[in-house]
Amino acid sequence: MLTLPATAMRVSPMVIEMQTDGSASTARIEVQNINPGRLAFETRVTRADFQPDGTIAEVPADEDFLVFPPQGVLRSTQRQVIRLQWLGGPIDASRAYYVSVRQLPVALEPGEEGQATAQVQVLYNMKALVTVEPRGAKSNVEIVSARAADYVPPANPVDGSVGPAGPGVEVVIRNTGNRHAMTAAVPWIVEGTNASGEPVRIELSAGDLNGLIGTGYVKAIDGERTFRFPVPEALTGPVTVRFK
């Protein structure tokens with residue numbers, strides 16, 4: 001069997017914040033074909049409801065946006081700007097959506113003459129997080145609790161295997177404002193003691209946090225999220241987490 005490389009794409013930006021009116025009610029997403037073959041794509045919009053445990057419930061919401069163009073075909077290295085226009089009207093609190101750019105199958109080049117091949121094409125589906133908020137909305141974030149907890153790494157997407165558990169910290173964050181919060185946008189400071197009773201201070205930059213918890217999105221109006229991430233050494237006793 002001959003496995004051919006997928007026609008890969010690049011989508012940017014991956015996080016967009018919009019408002020319900022004014023110039024901020026429109027946004028752009030750029031799609032680029034970064035492989036030699038043609039790239040066919042289509043877009044879909046879903047409303048995203050982030051649960052406290054990090055799972056996300058999605059429902060179709062194409063009617064909330066005008067997306068143009070909704071589909072297209074790109075040659076190698078070609079770019080396409082997709083325009084988003086909010087159509088959902090006034091809202092009381094910010095909402096989260098995913099704009100999915102899904103690669104569609106295209107005809108692949110045949111194998112060499114006389115060579116029996118089975119061609120496999122891997123298709124990409126990339127999602128940009130889009131938030132929409134009313135003018136003047138504000139977040140009100142507090143850290144509810146923090147404690148030492150085992151951290152289990154996510155399963156390997158290829159074979160489903162899971163690595164060994166290690167030391168970690170669990171943090172519960174609540175947002176009572178009418179605007180969402182991207183809590184990974186600012187550094188966090190974790191403090192506690194190690195097994196020897198020595199003080200431990202860990203500063204996590206925005207870059208560190210994006211690798212550990214993504215955007216740290218917490219939805220508006222009594223939104224709550226539980227984040228668990230690894231730390232270099234096991235902590236004992238009280239653990240505190242604060243935003244720098």
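Ala, Val, Leu, Ile, Met, Phe, Trp, Tyr, Cys and Pro count as nonpolar, Asp, Glu, Lys and Arg as charged, and the others, Gly among them, as polar. This is a predicted model: local features need pLDDT of at least 70, side-chain atom pairs count only at pLDDT 80 or more, and totals for chains, interfaces and linings use all residues. Residues are numbered from 1 along each chain as its sequence is written, and side-chain values use heavy atoms, without hydrogens or water.

**View 1. Lining of the second largest pocket**. The lining has 13 residues; nearest the centre are Arg47, Ser94, Arg95, Ala96 and Lys219. By class, 7 are nonpolar, 1 is polar and 5 are charged. (A pocket is an open set of points on a 1 Å grid over the protein atoms alone, where a 1.4 Å probe fits, with protein on both sides within 12 Å along at least five of seven lines; lining residues have an atom within 4 Å of a point.)

**View 2. Phenylalanine 65 and tryptophan 86**. Their ring centres lie 5.3 Å apart and their planes meet at 75°, so the pair is edge-to-face (centres within 6.5 Å, planes over 60 degrees apart).

**View 3. Tryptophan 188 and phenylalanine 243**. This edge-to-face pair has 5.8 Å between centres and 65° between planes. Tryptophan 188 is buried at 0% relative accessible area; phenylalanine 243 is partly exposed at 29%. Trp188 and Phe243 belong to one aromatic cluster with Phe227 and Phe229.

Technical notes:
Rings of Phe, Tyr and Trp (its six-membered ring) pair if their centres lie within 6.5 Å; planes under 30 degrees apart count as stacked, over 60 as edge-to-face and the rest as tilted. Buried means under 20% relative accessible area, exposed over 50%, partly exposed in between (1.4 Å probe, protein chains only).
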